[in-house]
There are 2 protein chains.
Amino acid sequence: MGTVVIDVMLKSEILDPQGQAVAGALPRLGFTQFTDVRQGKRFELTVDGEVTGEVLAAAREAAEKLLSNPVIEDVVRVAELTDETAGQPA
Amino acid sequence: MGTVVIDVMLKSEILDPQGQAVAGALPRLGFTQFTDVRQGKRFELTVDGEVTGEVLAAAREAAEKLLSNPVIEDVVRVAELTDETAGQPA
């Protein structure tokens, strides 16, 4: 069983009120090192078998057609979920 | 200028209506290879300087305190945004 991760972010020229709310809250909690915050979406799509090139291509097409609005959003990442791409857990 | 990526997903035992809506829509668009979909959040935090271990530690703390609700969500990834972690663009 494999998992494909798709990340979608608002284009940089699009206003991001959610991100701004977080950016405004961080200094109040003592986190002063962050100058900007953008908030986007992360999808995890499960497949029964292995994540093949074909599955990744389908995921990329689904990302463009269904999971993002190409007018205001960019698909920034379509990749198999591995220990590496998952990064260190917090 | 560096960027820290933080990914937050609902815990697996928590119902995810958004993910279910996507999972229901995919087959109608011809994408039959995906058996499950979960939707979460992705944050990009910008810092002025380099992404040091200290910055990552602060980001991890912010992720736990502000960006996620530990009762229903897991912080699945706190990492510096690099070409590698960004994955191939769609």
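The two copies in this predicted model meet through the same surface, because 100% of the interface residues of chain B are also interface residues in chain A. Chain B puts 44 residues into the contact, and chain A puts in 44 residues as well. The size of an interface is often given as the accessible area lost when the parts come together. Here, chain B and chain A bury about 3,900 Å² between them, and carbon and sulfur atoms account for 63% of that area.

Now for how the copies are placed. Two copies of a chain are related by a rotation about an axis and a shift along it.

Next come the polar links across the contact. Between chain B and chain A, 10 residue pairs are in polar contact, counting pairs with both residues at pLDDT 80 or more. On the side of chain B that touches chain A, the elements giving two or more residues are strand 1 (2-10), helix 1 (17-28), strand 2 (34-47), helix 2 (53-67), strand 3 (73-80) and helix 3 (83-86). Strand 2 of chain B gives the most to this side, with 14 residues. By residue type, the side of chain B that touches chain A splits into 25 nonpolar, eight polar and 11 charged residues.

Strand 2 turns up again in the pairing of strands between the chains. One of the residues involved is A:Phe43, whose bridge partner in strand 2 of chain B is B:Gln39.

That leaves the charged pairs. Side chains of opposite charge can pair when their charged atoms come close. Two salt bridges are counted between chain B and chain A. The side chains of B:Arg42 and A:Asp7 form a salt bridge, with N to O at 2.5 Å. Over all chains, the whole structure has 12 salt bridges. Among them is the one between A:Lys41 and A:Glu73, with the closest N and O atoms 3.6 Å apart. A:Lys41 belongs to strand 2 of chain A and A:Glu73 to strand 3 (residues 73-80) of chain A, so this pair ties together parts that are 32 residues apart in sequence.

Notes: Residues are numbered from 1 along each chain as its sequence is written. Chains are lettered from A and ligands numbered from 1 in the order in which they are written. This is a predicted model: local features need pLDDT of at least 70, side-chain atom pairs count only at pLDDT 80 or more; totals for chains, interfaces and linings use all residues. Side-chain values use heavy atoms; hydrogens and water are left out. Contact means heavy atoms within 4.5 Å. Buried area is the accessible area (1.4 Å probe) that two parts lose on being put together, summed over both. A salt bridge is a side-chain nitrogen of Lys or Arg within 4 Å of a carboxyl oxygen of Asp or Glu. A polar contact is a pair of N or O atoms within 3.5 Å; within protein, one must be able to donate a hydrogen and the other to accept it, and residues adjacent in sequence count only if both atoms are side-chain atoms. Helices (H or I, at least four residues) and strands (E, at least two) are DSSP runs, numbered from the N terminus. Ala, Val, Leu, Ile, Met, Phe, Trp, Tyr, Cys and Pro count as nonpolar, Asp, Glu, Lys and Arg as charged, and the others, Gly among them, as polar. Two strands pair if DSSP finds at least two bridges between them.
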